[in-house]
Amino acid sequence: MRGNKSRGARVNSDVQRVISHIIEFELKDPRVSSLVSVVKCDVTNDLKECKCYISVLGSEEDGENTLKGLVSASGFIRKRLAESLNLRYTPVIEFKLDKSIEYGVMMSKKIDDIISGD
């Protein structure tokens with residue numbers, strides 16, 4: 001039993017899990033960094049579109065290259081998503097770079113600097 005999750009939240013988590021697996025184990029694009037993680041997936045209620053937020057550990061250039069690689073491989077990822085999940089429609093995937101983890105690390109470092117300065 002999956003608990004009290006709504007159908008939308010269940011679809012979002014399933015899509016996130018499958019896309020993470022595809023990127024990690026099946027995608028062979030050299031532009032895609034090995035240190036990429038899928039932070040969040042938002043699938044619309046009609047299952048036509050999906051915004052997939054990714055985070056890349058590394059430089060700004062690594063993030064941009066990974067984003068370009070994922071955009072060019074979005075057809076392959078969508079095909080593998082359709083094979084893995086039994087949905088009425090397979091959503092068109094739009095990848096977006098998420099910088100919230102970097103922001104959190106930066107803020108934590110600033111807090112540590114302030115505390116150590118006292």
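Biologist: Which residue of strand 2 stands opposite D42?

Modeller: K51 in strand 2 stands opposite D42. The model is a predicted one, in which local features need pLDDT of at least 70 and side-chain atom pairs count only at pLDDT 80 or more, while totals for chains, interfaces and linings use all residues. Residues are numbered from 1 along each chain as its sequence is written, and side-chain values use heavy atoms, with hydrogens and water left out.

Biologist: What makes strand 1 and strand 2 a pair, and in which sense do they run?

Modeller: Two strands pair if DSSP finds at least two bridges between them. Strand 1 (residues 36-43) and strand 2 (residues 49-56) share seven bridges, in the antiparallel sense, so they meet that definition. C41 stands opposite C52 in strand 2.

Biologist: How do you know that strand 2 also pairs with strand 3, and is that pairing parallel or antiparallel?

Modeller: DSSP needs at least two bridges, and six are found between strand 2 and strand 3, in the parallel sense. C50 has I93 in strand 3 as its bridge partner.

Biologist: What elements does the protein chain have, and in what pattern?

Modeller: Four helices and three strands, in the pattern α-β-β-α-α-β-α along the sequence. Helices (H or I, at least four residues) and strands (E, at least two) are DSSP runs, numbered from the N terminus.

Biologist: What stands out about the backbone of L47?

Modeller: L47 has a positive phi of about 65 degrees although it is not a glycine. L47 lies in the loop between strand 1 and strand 2, a hairpin with five residues between the strands.

Biologist: Why is L47 called buried?

Modeller: Buried means under 20% relative accessible area (1.4 Å probe, protein chains only), with exposed over 50% and partly exposed in between. The value for L47 is 5% relative accessibility, so L47 counts as buried.

Biologist: What makes P91 a buried residue, and where does P91 lie?

Modeller: P91 has 1% relative accessibility and therefore counts as buried. P91 lies in the loop between helix 3 (74-84) and strand 3. Not counting residues up to four places away in sequence, P91 touches L47, K48, E49, C50, R78 and L81; contact here means heavy atoms within 4.5 Å. From C-alpha to C-alpha, P91 and S20 are 15 Å apart in space and 71 residues apart in sequence.

Biologist: Why is D98 called buried?

Modeller: D98 has 19% relative accessibility, and therefore it counts as buried. D98 is found in the loop between strand 3 (92-97) and helix 4 (100-117). Leaving aside neighbours within four places in sequence, D98 is in contact with V39, Y53, I54 and S55. The C-alpha atoms of D98 and K40 are separated by 9.0 Å, with the two residues 58 residues apart along the chain.

Biologist: What makes the approach of D98 to S100 a polar contact?

Modeller: A polar contact is a pair of N or O atoms within 3.5 Å; within protein, one must be able to donate a hydrogen and the other to accept it, and residues adjacent in sequence count only if both atoms are side-chain atoms. The side chains of D98 and S100 make such a contact at 2.9 Å.

Biologist: Why is S33 called buried, and what does S33 touch?

Modeller: The relative accessible area of S33 is 18%, so S33 is buried. S33 lies in the loop between helix 1 (7-26) and strand 1. Neighbours within four places aside, S33 is in contact with V56, L57 and T66. A polar atom of the side chain of S33 lies 3.1 Å from the backbone nitrogen of L35.

Biologist: How do you know that T66 is buried?

Modeller: T66 has a relative accessible area of 0%, so T66 is buried. T66 is placed in helix 2 (residues 60-72), and its side chain reaches the backbone oxygen of D62 at 2.8 Å. Leaving aside neighbours within four places, the contacts of T66 are R31, V32, S33, V36, I54 and V56.

Biologist: What share of the protein chain is buried, and what share of the contacts with a separation of 6 or more joins residues 24 or more positions apart?

Modeller: Buried residues make up 30% of the 118 residues. Residues 24 or more positions apart account for 61% of those contacts. The C-alpha atoms fill a box of roughly 60 × 40 × 20 Å along the principal axes.
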